[in-house]
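The sequence and structure come first.

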Amino acid sequence: MDQSIKPPKWQQCQVVLAGNLVAKPEVRYRANPATPVSEFVIATHQRWFDKSTNSYKDWTTYLTCLAQGESLEREFIHADKGQLVMLSGKLGGDNNKHLILTDDVSVVGKGLPQSINQLHMQATLISEVKLMQTQNNVSMAEFTVQCQQSGLPAKHANAERIVHVFGKSAQFLADKAIPNQQVIIEASLAQQGDHKQLQLIDAKRVIICPE
């Protein structure tokens, strides 16, 4: 990353997820002071129409979340695999493992297949926009953004993610977007191919902010 590119302080990032627990969550305790902490994985489910096969396809995304605080004991004391969990939070983690740092989490029910996977963020473009074609001959733009978030420990405040944008928006961004510009992104979170611990931003809409 170009060290001369520095995002403004501070930028907004809001993640809202509703998905099924992949396993029974384990609650541990961090000392001084004693604080309940749990790292868990939830699965979100999406359905999309594949024009190349003229059929619907289902896609499951597994996202690692980190929660802490007294409410965790209350919510997770009877939580089990498969239960529906709703949470809100921010992006966190490092280059080897991406996390959703939860502000609030609740166990909603059991056996419900519906999911929510939403991300809204303000970020700084820190790479060139690469334009490429998918196997279905659809334009795709790929670039990296950085979001400097307030209220988080230093190791989590500066979140970087790769972004994918498809269709006409991909060509527009390739023509107009340049490094160090501010963007607003409406998206969902996915996984980076075989890198199950890394998240990818699948953008539905990207707004280039005026100078």
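The points below are grouped by topic.

This is a predicted model, in which local features need pLDDT of at least 70 and side-chain atom pairs count only at pLDDT 80 or more, while totals for chains, interfaces and linings use all residues. Residues are numbered from 1 along each chain as its sequence is written, and side-chain values use heavy atoms, with hydrogens and water left out.

**Largest pocket**

- The largest pocket holds about 1100 Å³ of space; a pocket is an open set of points on a 1 Å grid over the protein atoms alone, with protein on both sides within 12 Å along at least five of seven lines.
- It is lined by 33 residues, and those closest to its centre are Trp48, Trp59, Thr134, Phe166 and Asp202; lining residues have an atom within 4 Å of a point.
- Two or more lining residues come from each of strand 3 (35-50), strand 4 (55-68), strand 7 (116-125), strand 10 (158-166), strand 11 (182-192) and strand 12 (195-208); strands (E, at least two residues) and helices (H or I, at least four) are DSSP runs numbered from the N terminus.
- Strand 3 provides the largest share of this lining, 7 residues.
- The lining of the largest pocket comprises 12 nonpolar, 14 polar and 7 charged residues; Ala, Val, Leu, Ile, Met, Phe, Trp, Tyr, Cys and Pro count as nonpolar, Asp, Glu, Lys and Arg as charged, and the others, Gly among them, as polar.

**Second largest pocket**

- The volume of the second largest pocket is about 320 Å³, where a volume is the space filled by probe spheres set on grid points, which are joined across faces, edges and corners.
- Its lining has 15 residues, with Leu66, Gln68, Leu101, Pro153 and His156 nearest the centre.
- Strand 4, strand 6 (98-110) and helix 2 (154-157) each give two or more residues to that lining.
- By class, the lining of the second largest pocket divides into 6 nonpolar, 5 polar and 4 charged residues.

**Cavity**

- There is 1 cavity of 30 Å³ or more; a cavity is a set of grid points where a 1.4 Å probe fits but cannot get out.
- The largest cavity contains about 30 Å³ of space, and its lining includes Tyr62, His98, Gln191 and Lys196.
- Strand 12 contributes the most to the lining of the largest cavity, with 4 residues.
- This lining has 3 nonpolar, 5 polar and 1 charged residues.

**Surface residues**

- Met86, in strand 5 (residues 83-93), is partly exposed because its relative accessibility is 37%; buried means under 20%, exposed over 50%, and partly exposed in between.
- Phe172 in helix 3 (residues 168-176) is partly exposed at 45% relative accessibility.
- The C-alpha atoms of Phe172 and Ala141 are 9.2 Å apart, with the two residues 31 apart in sequence.

**Backbone features**

- Asn32 and Pro33 are joined by a cis peptide bond with omega of about -10 degrees.
- Asn32 is not a glycine, yet has a positive phi of about 55 degrees; Asn32 is exposed at 77% relative accessible area.
- Asn180, in the loop between helix 3 and strand 11, has a positive phi near 85 degrees and is partly exposed at 43%.

Technical notes. Buried means under 20% relative accessible area, exposed over 50%, partly exposed in between (1.4 Å probe, protein chains only).
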